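Q: I would like to go through this structure with you. Shall we begin with what covers one of the helices?

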Amino acid sequence: MNIRERWNNLSRPAQWAFLIPVVVLVYFLPVLNPPILATSGTDFPSAMFDVARYALVAVGLNVVVGQAGLLDLGYVGFFAVGAYVAALFTSPNSSLHKLPYLWTLPLAMVVTMIFGIILGTPTLRLRGDYLAIVTLGFGEIIRLLADNVTPLRGQSGFERVGTNNAGQPFFENATQWYWFTVTIIVIVLLLVGNLERSRVGRAWVAIREDEDVAEIMGVSTYKFKIWAFVIGAAIGGLSGALYAGRLGFVNNQSFDVVTSMLFLAAVVLGGAGNKVGVLLGAVVVAYLPLRFVQIADYNYLIFGIALIVLMIFRPQGLLGARQRLLAKGRQAYQHLIGRGEQVSGESALAEPGGNQ
Amino acid sequence: MHPAITAALTQTDSWIQFDVHGLASQFWNNTVDGLAQGGIYALIALGYTLVYGVLKLINFAHSEVFIVGTFATWLTFYALGFRPGADPHLSTIEVIGFLLLAGIAAMAASGLVAVGLERVAYRPLRNRNAPRLVFLITAIGASFAIQQALKLIFGLNQQPQIRLLQPQPLFRIFGAVVTNRDIILFVAAVLLWFLADYFVNKTRLGRGIRAVAQDPDTATLMGVNKERVIVVTFLVGGLLAGAAALFYMMKIPQGAIYNGGFLLGIKAFTAAVLGGIGNLRGALLGGFVLGLVENYGQSLFGGEWKDIVAFVVLIIVLMFRPTGILGESLGKARV
């Protein structure tokens with residue numbers, strides 16, 4: 001029996017019994033600071049926070065790209081909106097009313113959801129590649145707005161983001177930020193996992209595999225696409241607000257297209273549609289350049305080439321591939337013993353000759 | 001209302017303005033400049049349109065095909081002995097000769113990159129019958145890789161400008177100065193578009209391109225070599241992008257920078273969509289319309305809003321007329 005099948009055959013408590021130690025280990029990583037993993041340029045807890053931030057973004061983008069199959073190239077736009085919401089309501093540079101930092105997290109999610117609805121309502125009627133270009137345009141619009149709109153302070157930006165009235169930051173050190181972010185990731189994963197198993201999740205998979213067939217089968221595709229888009233946007237905004245709080249500084253320099261592409265690379269690399277896969281992808285994209293600083297100059301080049309090679313040889317990503325082989329094996333096995341059960345688990349990315 | 005909100009609202013007039021007077025006074029200048037700029041957009045847009053028409057693929061890396069052309073232009077100037085800073089004094093014949101040389105180099109470089117891209121990245125996917133999303137992600141990866149390779153070779157900064165052609169005012173239209181450069185850009189764009197249109201609509205290979213665009217399987221059954229048609233399509237798109245790169249370097253001599261293709265690429269794509277993607281006439285019309293709208297927008301809202309105008313136009317066009325002004329038509333039997 002292979003790993004995935006064995007895992008699926010475990011009872012729920014047994015799965016938890018295995019998962020909880022893993023999560024605890026993840027929590028203690030910055031304290032343990034294993035020498036093999038230690039990063040040379042940045043201190044280890046800060047690096048771990050960066051990885052966690054990417055992981056949260058990847059989980060959010062995975063809802064849009066992996067589960068609903070909508071290619072969003074402007075995800076950094078939502079991330080930026082979240083960061084600016086946190087900055088506007090906590091930084092002393094802003095003239096707006098001050099809020100406690102913790103309140104700005106849900107606020108950032110709400111605001112990015114509104115942005116998601118504004119962008120999604122007109123554009124989600126478009127198909128595939130048009131949507132990709134429009135979202136790319138959206139990301140650029142957000143960046144240019146940050147450049148040009150005076151109250152957003154352009155390059156001078158907002159300082160002391162996430163501080164309270166006494167000027168104290170929300171958390172003292174990077175390890176606490178890391179714990180906070182990992183906790184949020186666990187919560188988000190639980191929520192998204194539940195969504196995946198619900199009617200909404202099944203509708204997403206149907207849209208991803210074949211939009212026309214889904215529509216004919218009575219799935220209200222437009223509505224569910226907006227749902228995916230908005231939920232993804234909210235997670236992106238949350239991640240942006242966390243980033244702003246940790247860094248304490250927000251200006252217009254960190255929201256360019258390259259960042260969007262890295263987010264997407266994390267999702268595609270790990271395996272779109274596979275939650276564990278995208279977490280792995282995020283770790284690869286965020287951690288490796290920090291660990292191996294000597295390749296830092298080349299890392300974007302390597303990502304570009306890796307993306308091409310991956311799409312040619314393993315279009316379903318690192319973990320998606322294993323899942324696909326397993327699904328095929330299971331199908332063959334069931335065919336052999338005479339059960340015609342269909343096994344799902346292939347994404348649109350994995351399916352050869354998909355929606356041409 | 002809360003005083004902070006009122007304050008934020010009253011600040012708005014300082015960051016965006018509607019300079020109607022500026023638009024009126026600059027109208028003809030904007031028109032001339034917009035047509036010159038639009039010619040460049042149109043030439044790049046033709047590459048997007050051709051590839052989209054045949055493969056239904058947004059060749060995301062086409063912007064990098066173009067930017068390679070700008071570097072080739074710059075290197076040709078450099079190899080010919082021109083150095084940044086010094087404005088050379090050349091006779092007209094010399095200028096034309098050198099520009100032609102640079103143009104040939106740029107077209108060769110861009111054409112080579114386009115065909116190489118097809119060979120390395122897209123053909124293996126076609127052989128595997130991959131879905132469209134995979135093509136698009138590959139295109140993004142290729143765009144990324146070429147961009148970063150250029151960054152490693154040429155560095156972060158713009159190549160210093162080498163200007164061969166000094167813009168000379170030739171005549172005035174309604175008070176707007178028209179330079180020899182504007183004329184060259186406009187005429188060359190229309191001429192090259194005409195050649196491309198003739199090629200696609202009147203030649204044997206062009207008929208093959210239209211046949212594959214319309215129905216690849218049937219075209220193959222009718223004896224059209226699909227792979228060859230696809231290579232030719234990429235080649236023509238690359239050649240046009242190379243020509244566009246030369247004109248771009250004439251207009252903006254400091255334009256060779258590793259990430260300079262992105263913005264132009266997405267604007268050229270906007271132009272293609274605006275006119276109707278897959279439609280050669282649409283690409284030309286869309287290029288000019290986008291060039292004009294962008295320049296008028298610049299006068300109306302201020303220079304820093306120029307790029308936003310292009311993106312907002314793209315979104316509005318896709319909302320109300322997803323098939324563009326003239327509609328998608330490369331595959332239609334229209335002669």
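Q: What covers the buried residues of α7(A)?
A: In this predicted model, the cover over the buried residues of α7(A) includes α2 (12-32), α3 (44-67) and α10 of chain A.

Q: And which residues in α7(A) are buried?
A: The buried residues of α7(A) are A:Thr175, A:Trp177, A:Tyr178, A:Trp179, A:Thr181, A:Val182, A:Ile185 and A:Val188.

Q: How many residues does α7 of chain A have, and what does it reach from its first C-alpha to its last?
A: Helix α7 of chain A, residues 174-197, has 24 residues. Its reach is 34 Å, close to the 34 Å expected at 1.5 Å a residue.

Q: Let us turn to α8(A) and α10(A). At what angle do their axes cross?
A: The axes of α8 (residues 199-209) and α10 (residues 221-247) of chain A cross at roughly 105° and come within 10 Å. Angles of 65 to 115 degrees count as roughly perpendicular, and α8(A) and α10(A) are therefore roughly perpendicular to each other.

Q: Which residues meet there?
A: From α8(A), A:Val200, A:Ala203, A:Trp204 and A:Ile207 meet A:Thr221, A:Phe224, A:Lys225, A:Trp227 and A:Ala228 of α10(A). By class, this contact has seven nonpolar, one polar and one charged residues.

Q: Now the chains. How many residues of chain B are in contact with chain A?
A: There are 42 residues of chain B in contact with 44 residues of chain A.

Q: Which helix of chain B gives the most to that side?
A: That is α5(B), with 14 residues. By class, the side of chain B that touches chain A has 31 nonpolar, seven polar and four charged residues.

How values were computed. Residues numbered from 1 in each chain as written. Chains lettered and ligands numbered in written order. Predicted model: local features only at pLDDT ≥ 70, side-chain atom pairs only at ≥ 80, totals over all residues. Axes fitted to C-alpha atoms, helices over the stretch in contact; angles between N-to-C directions. Helix = DSSP H or I, 4+ residues; strand = E, 2+ residues; numbered from the N terminus. Parallel < 35°, antiparallel > 145°, perpendicular 65-115°, else oblique. Contact = placed C-beta atoms within 7 Å. Nonpolar A, V, L, I, M, F, W, Y, C, P; charged D, E, K, R; others polar. Expected span 1.5 Å × (residues − 1). Buried ≥ 20, exposed ≤ 12 C-beta atoms within 10 Å, placed from the backbone.
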